[in-house]
Amino acid sequence: MKRIKKINRREFLAAAGAAVSVPYLIPSSVLAAPGRTGANEKLTMAHIGVGGMGGYHLGDMVARRDRGEVNIAAVCDADEKRLAGAVKTVGHDVEAYRDYRYILHRNDIDAVVIATPDHWHGVQMVHAAQCGKHVYVEKPACCTIEEGKAMVAAAKDNKVSVQVGSQGRSQPEAYLAHRYLVNGNIGHIDKVNCFHYNSPEDSNPVPDSEPPAELDWDLWLGPLRWRPYNQRYCHGVFRWLMESGGGQIRDRGAHVMSCAMWWMGADGTGPVTVEATGTSPTKGLWDSAVTMDVTYTFKNPDWVLTWNQHTGNAVPAEERTGNEPGGKISRPGYGAVYHGSKGKFVHWGGDGGTWVEKKARQWELPAGAKDVYKSPGHKEDWFNGIKTGAKTIMNIEAAVGVANLCVLGNLSYILGRKLEWDQAKQEIVGDRQAQRMMYRPQRHPYHL
Amino acid sequence: MSISNPKKVSLTIAAAGVVPSVAVAARNKAVSKLMAGIRDNDASVRTEAWQSAGEVGAPAVKPLAKVMTNEELEVARAAKRGLWKIVRHVGRPDAADEKRVVVGKLIELLDDDQPVPVRREVLWMLSEIGDRNAVKPIAALLSDRELREDARMVLQRIPGRTALAALKAALKAAPDDFKLNIAQSLRQRGEKVPGLDCVKLIPTKETNVKSLK
């Protein structure tokens, strides 16, 4: 096990040589170095953001630690109550931090799990990569087009393995769906309709107030522009803020559309047009679309992807016994219908629960048919990427491509007009306001 | 115009007087209707009102700004959303004339007599549609401690040499506690800033939570 290096801010600055000679004021020992963790060497992890999904990841990693698979060196959160809870969860030998940048400085930490609100994903992932840390970052990858570009560049430039938390791709039934579709069982697919229920409206808006004593509001806001604290920003409900979670299209769309892009062989591609309509909340702080319809047109090959967000629309159903690879369908309210020249195909979920139609589950791979990659598990796939350099199943390029769909859908909705997208240049075409909105200036010093 | 036909001339002058009055009346009616909707007790009525604000356009900018600090939270919110709707509407391609007028109105709202929350919001609106005419009034706010960070970020977003020049000038004049912020904006715009290093990776915040021994 590597020696744990504990350092406070004063020591950090002294080590960095607080004089102004190094562009990023990072000690050279921290900078990304080539080479990988040995196949038999235990990875040392740290967790940034330990509430909600962060708590789930921490519990999962503790179980792995208890099986002797990893070390956990540090936990970090802007909420000291959550942080204290995380320390108890992990138990001995774990350091607690409020400021994630201490973690990035530590030589003994190989990899970080980032499960902070969406508006932090881009900045923290880029910073972690620049400090040589492998990254598991929650979905959606990015809040803006420019963040996504920076994340892809950071992973490539610093040669770190990145897994984004669209874990649907690693589910057992997702593999079955992929090989079923890729072998033409429903023919040529020209349309994929994603379905989901509404985003919630804020039924309890309250005035701004002082933040609770345990919360570092400046740190929670991070890159977002300043505003007074309001209870309806956090925790968890950041999902319904357009500038953070972006509503269901980003929260679940990042899962459902991830499956679509993967099964359609469309990773690395993008739409040529995006057009969204929707209904707004009638009150409250949350401003993401309550209902929404988005149409993405792809060219070469030609196909259409839609996102339809309406509670009450009829959704397909399937009876199950519970003995299926994915068990019973516990979340039937979202998924997608694939329309092919020889029939249709349905899947439900797309995240930690991914369920596919019986015909795909029961289809046997004939001799000569194409098999597809079967993930050993989302974290396992990431660990493999760290140790061998193999691309992860939800690598940052693919994840940014999916997140861009969500971002563009929201932009079209906000602006009330159709957008044209140039995938090769990674930019919106012919709309200067939309082009400016591809990027969002970030509050100092919490920037890319 | 020839004065050889005075009757035609007087009819023309009369028409010129009548048409603008009709237009002004229609505009005022639209603004009044919008503002009545924004102030309504019914959330659905307020929502419908702010969503229609784009079509009302520039004449509604200042009336909406006045209501952005209304003591009724949801009325204030509806007014803010209505103003944003106008900004997004006039930012569309081929609406340069409409945009110019709205930008002019927004610039006037940066004056000291406006509350800080209004000016902060207006800054961000200008970040989306502001042109070089907006740069100087935005740059003036770089010396306002409450608004300087927003002003900096907004100048960072407005393309063109005028905004870049304003940031460079601001760096020279900035107090020490703001220089690094402006330096970051300049770096983001592709400029080198010798002598002022990026501090994004320096931790600054300690925790009171102790590890278990």
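Author: I begin with helix H5 of chain A, where 13 of the 13 residues are buried, so the helix is largely enclosed by the rest of the structure. Helices (H or I, at least four residues) and strands (E, at least two) are DSSP runs, numbered from the N terminus.

The model is a predicted one, in which local features need pLDDT of at least 70 and side-chain atom pairs count only at pLDDT 80 or more, while totals for chains, interfaces and linings use all residues. Residues are numbered from 1 along each chain as its sequence is written, and chains are lettered from A and ligands numbered from 1 in the order in which they are written.

H5(A) covers residues 118–130 and reaches 19 Å from its first C-alpha to its last. That is close to the expected 18 Å, a span defined as 1.5 Å times one less than the number of residues. Just after this helix, A:Gly132 takes a positive phi of about 80°.

S1(A) pairs with strand S2(A), residues 70–76, in the parallel sense over six bridges; strands count as paired if DSSP finds at least two bridges between them. Along this pairing, A:Thr44 has A:Asn71 as its bridge partner, and A:Ile48 has A:Cys76. Helix H2(A), residues 53–66, makes a right-handed β-α-β unit with S1(A) and S2(A). Right-handed here describes a path from the first strand over the helix to the second that runs clockwise when the strands point away from the viewer.

S1(A) is also joined by four bridges to strand S4(A), residues 111–114, and these two run parallel. In that pairing A:Met45 stands opposite A:Ala111.

S2(A) has seven of its seven residues buried, so it is likewise largely enclosed by the rest of the structure. Besides S1(A), its parallel partners include strand S3(A), residues 95–97, with three bridges between them. A:Ala74 stands opposite A:Glu95 there. S2(A), helix H3(A), residues 80–90, and S3(A) form a right-handed β-α-β unit.

In the loop between helix H6(A), residues 145–158, and strand S6(A), residues 162–164, lies A:Val160. A:Val160 is buried, with 25 other C-beta atoms within 10 Å. From A:Val160 to A:Trp263 there are 103 residues in sequence and 26 Å in space, C-alpha to C-alpha.

Chain A also holds an open sheet of nine strands with mixed pairing, in the order S13-S12-S11-S7-S10-S9-S8-S14-S15. Its edge strands, S13(A) at 354–356 and S15(A) at 427–429, each pair on one side only. Direction ignored, neighbouring strands of this sheet are turned by 20° against each other on average. Strand S14(A), residues 419–422, meets S15(A) in the antiparallel sense over three bridges, and A:Glu420 has A:Val429 as its bridge partner. Helix H10(A), residues 253–263, packs on the sheet, touching S7, S10, S11, S12 and S13 of chain A, and its direction makes about 160° with that of S7(A). Helix H13(A), residues 396–415, packs on the sheet as well, touching S8, S9, S10 and S14 of chain A at about 60° to the direction of S8(A). Such axes are lines fitted to C-alpha atoms, for helices over the stretch in contact, and the angles run from 0 to 180 degrees between N-to-C directions. Contact requires C-beta atoms, placed from the backbone, to lie within 7 Å.

Finally, the partner. Chain B has 11 helices and zero strands, and its C-alpha trace spans about 95 × 45 × 30 Å along its principal axes. Of its 213 residues, 38% are buried. The contact between the chains takes 49 residues from chain A and 39 from chain B. On the side of chain B that touches chain A, H2, H5, H7, H9 and H11 of chain B each supply at least two residues, and H9(B) gives the largest share, five residues.

Note on methods. Buried ≥ 20, exposed ≤ 12 C-beta atoms within 10 Å, placed from the backbone. Contact = placed C-beta atoms within 7 Å.
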